[in-house]
Amino acid sequence: MAAATTLLAGSPWLRLRLRPDAHAGHFARHIHLGRALSARSRVRASAADEPAGPVRVRFAPSPTGNLHVGGARTALFNYLFARSKGGRFVLRVEDTDLERSTRQSEEAVIADLQWLGLQWDEGPDVGGEFGPYRQSERNSLYKQYAEKLLDSGAVYRCFCSNEELEQMKEVAKQRQLPPVYMGKWATASDVEVEQELEKGTPYTYRFRVPKEGSLKINDLIRGEVSWNLDTLGDFVIMRSNGQPVYNFCVTVDDATMQISHVIRAEEHLPNTLRQALIYKALGFPMPSFAHVSLILAPDKSKLSKRHGATSVGQYKEMGYLPQAMVNYLALLGWGDGTENEFFTIDDLVEKFTINRVNKSGAVFDATKLKWMNGQHLRSIPQDELIKAFEDQWKNTGILQESDSGFAKEAAELLKDGIDLITEADAALTNLLSYPLHATLSSDEAKPVVQDKISVVASGLISAYDSGELNQALTEGRDGWQKWVKGFGKSLKRKGSLCHSEYC
């Protein structure tokens with residue numbers, strides 16, 4: 001038997017093997033595909049490489065629900081990469097799931113991205129030279145490229161019924177083989193195809209996958225990733241109803257929008273094999289790929305609704321600040337190599353590099369997010385902070401008017417004790433509802449009040465303002481007792497100032 005012929009593409013990630021005893025038409029089509037899949041130069045993407053051309057990245061959500069924190073982080077990484085490279089950030093809506101996609105969901109996703117401050121340069125709401133930016137509005141383009149692949153022999157019409165396809169899966173299962181299409185129509189003659197077309201038999205477009213060989217990519221985050229082609233089988237790119245399949249749409253969109261870097265979640269990594277084959281068959285240059293790790297729950301499972309809030313909108317309603325969300329999401333799988341954890345969006349643009357993104361899963365810690373929100377809350381300029389407290393109290397009906405300066409004094413008093421602006425309600429209510437008059441009028445308080453309480457209170461306030469009181473509290477019980485004794489002596493008072501077991 002003659003030896004198999006090997007076609008090695010110039011690119012380091014593709015090797016095709018063809019058998020000389022294959023059907024002549026089948027062989028010719030594979031030769032054509034092999035040429036389409038070949039590359040002129042040996043190129044390896046590297047995380048340290050500077051892009052050869054303009055940087056163009058995209059965030060492509062499906063409008064079938066709320067913006068998940070994982071999706072928000074993907075959008076953020078794309079935004080930071082584009083801004084750090086002086087590139088373009090594109091928003092594209094992938095609404096090919098006609099049954100589940102809604103315009104309401106699209107508007108909610110856009111609102112959440114805008115709240116985070118991730119402004120895009122091109123998108124469905126702002127336009128751009130590569131639009132339209134909704135997949136549902138690009139069907140004519142998909143059909144154009146599907147016909148191009150059909151003419152080249154890279155795809156073929158498949159007239160198999162659902163029953164036939166199920167039977168193929170069952171046979172593959174019995175033979176312990178991957179459940180791939182067995183290629184019934186891959187070698188059909190033109191006469192056989194014409195007969196089915198005349199009968200009006202529904203058909204799909206299937207992409208012709210080489211039966212042997214492998215494909216490799218150099219992922220900017222995960223390094224070299226490879227697949228064996230014999231595990232794939234010929235896959236559908238256009239359904240029998242004329243609707244394009246996700247992987248085909250994505251490839252055509254990324255190519256025609258000149259996307260240079262595809263930064264997305266690692267769950268899309270298996271899709272890369274199909275997309276890479278389509279890129280080469282259409283003669284489009286391959287973008288660089290970077291697959292970001294999943295966000296995990298504390299139990300190391302995939303973060304989901306059963307773990308609590310997972311959408312950006314939920315955290316917004318809970319009182320989180322957009323700058324805190326951006327800061328925390330950036331640290332889920334990325335760091336600048338220092339101990340610093342506090343970043344503004346401008347800091348992140350300046351320091352972000354894709355080669356510092358970790359390929360391991362990042363655990364979502366709600367407690368740390370809340371702490372970080374508190375750090376950002378207290379870093380807000382005073383005027384903005386006071387207005388935030390005012391608005392919160394007015395919205396909940398606690399505060400009717402704010403001309404008296406009450407909000408300023410209350411905000412200054414309460415800001416160090418809360419991490420969320422929504423916690424200001426309970427803090428102020430607790431402060432205002434404390435029964436101060438009843439306490440001072442009680443029999444228990446009478447001797448304390450008569451014992452120059454105003455002098456003691458004035459001394460405590462001075463100690464607090466100077467930082468002396470806080471310092472004593474940080475020194476533990478012994479340090480606190482020593483300070484209390486010294487404080488009593490400074491007031492020339494005999495006996496203990498505090499009868500509590502903690503003094």
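Let's start at one residue: valine 245 is found in the loop between β9 and α7, and α7 spans residues 246–256. Those names come from DSSP runs, numbered from the N terminus: helices are H or I runs of at least four residues, and strands are E runs of at least two. Before I go on, this is a predicted model, so local features need pLDDT of at least 70 and side-chain atom pairs count only at pLDDT 80 or more, while totals for chains, interfaces and linings use all residues. Residues are numbered from 1 along each chain as its sequence is written, and side-chain values use heavy atoms, with hydrogens and water left out.

Back to valine 245. Is this residue buried or exposed? Valine 245 is buried, because its relative accessible area is 17%. The cut-offs are these: buried means under 20% relative accessible area, exposed means over 50%, and partly exposed lies in between, with a 1.4 Å probe and protein chains only. What does valine 245 touch? Setting aside neighbours within four places in sequence, valine 245 is in contact with Val236, Ile237, Met238 and Arg239. Contact here means heavy atoms within 4.5 Å. Now look along the chain. Threonine 96 is 149 residues away from valine 245, yet their C-alpha atoms are separated by 8.1 Å.

Let's step back to the whole protein. It has 20 helices and 13 strands. Of its 503 residues, 43% are buried. Take the contacts with a separation of 6 or more: 72% of them join residues 24 or more positions apart.

Next, the sheet with β9 in it. This is an open sheet of three strands, in the order β5-β6-β9, with antiparallel pairing. Two strands pair if DSSP finds at least two bridges between them. Which strands are at the edges? They are β5 (155–158) and β9 (235–238), and each pairs on one side only. Neighbouring strands are turned by 45° against each other on average, direction ignored. For angles, axes are lines fitted to C-alpha atoms, for helices over the stretch in contact, and the angles run from 0 to 180 degrees between N-to-C directions. Four bridges join β5 to β6 (residues 204–207), and these two run antiparallel. For one of the pairings, find valine 155: its bridge partner in β6 is phenylalanine 207. Helix α8 packs on this sheet, touching β6 and β9, and its direction makes about 60° with that of β9.

Now over to β10 and β11. Five bridges join β10 (residues 261–265) to β11, and the two run parallel. Isoleucine 263 stands opposite alanine 290 in β11. Arginine 264 has histidine 291 as its bridge partner in β11. How does the chain get from β10 to β11? It crosses through helix α8 (residues 271–282), and this β-α-β crossover is right-handed. Right-handed means that, with the strands pointing away from the viewer, the path from the first strand over the helix to the second runs clockwise.

How covered are these strands? β10 is mostly covered, with five of its five residues buried. For β11, five of the five residues are buried, so the strand is largely enclosed by the rest of the structure. In a regular strand the side chains alternate between the two faces of the sheet. Check both faces of β11: Ser288, Ala290 and Val292 on one side are buried, and so are Phe289 and His291 on the other.

On to the cores. A nonpolar core is a set of buried Ala, Val, Leu, Ile, Met, Phe, Trp, Tyr and Cys residues joined through side-chain atoms within 4.5 Å. The largest one has 50 residues, and Leu113, Met325 and Phe364 touch the most other members. Elements that each supply at least two residues include β3, β4, β11 and α12. Which helix gives the most? That is α2, with nine residues. Glutamate 196 sits in α6 (residues 190–199). Glutamate 196 is buried, because its relative accessible area is 14%. Its side chain joins that of lysine 199 through a polar contact of 3.1 Å. A polar contact is a pair of N or O atoms within 3.5 Å; within protein, one must be able to donate a hydrogen and the other to accept it, and residues adjacent in sequence count only if both atoms are side-chain atoms. Alanine 388 lies in α13 (residues 382–395). At 27% relative accessibility, alanine 388 counts as partly exposed.
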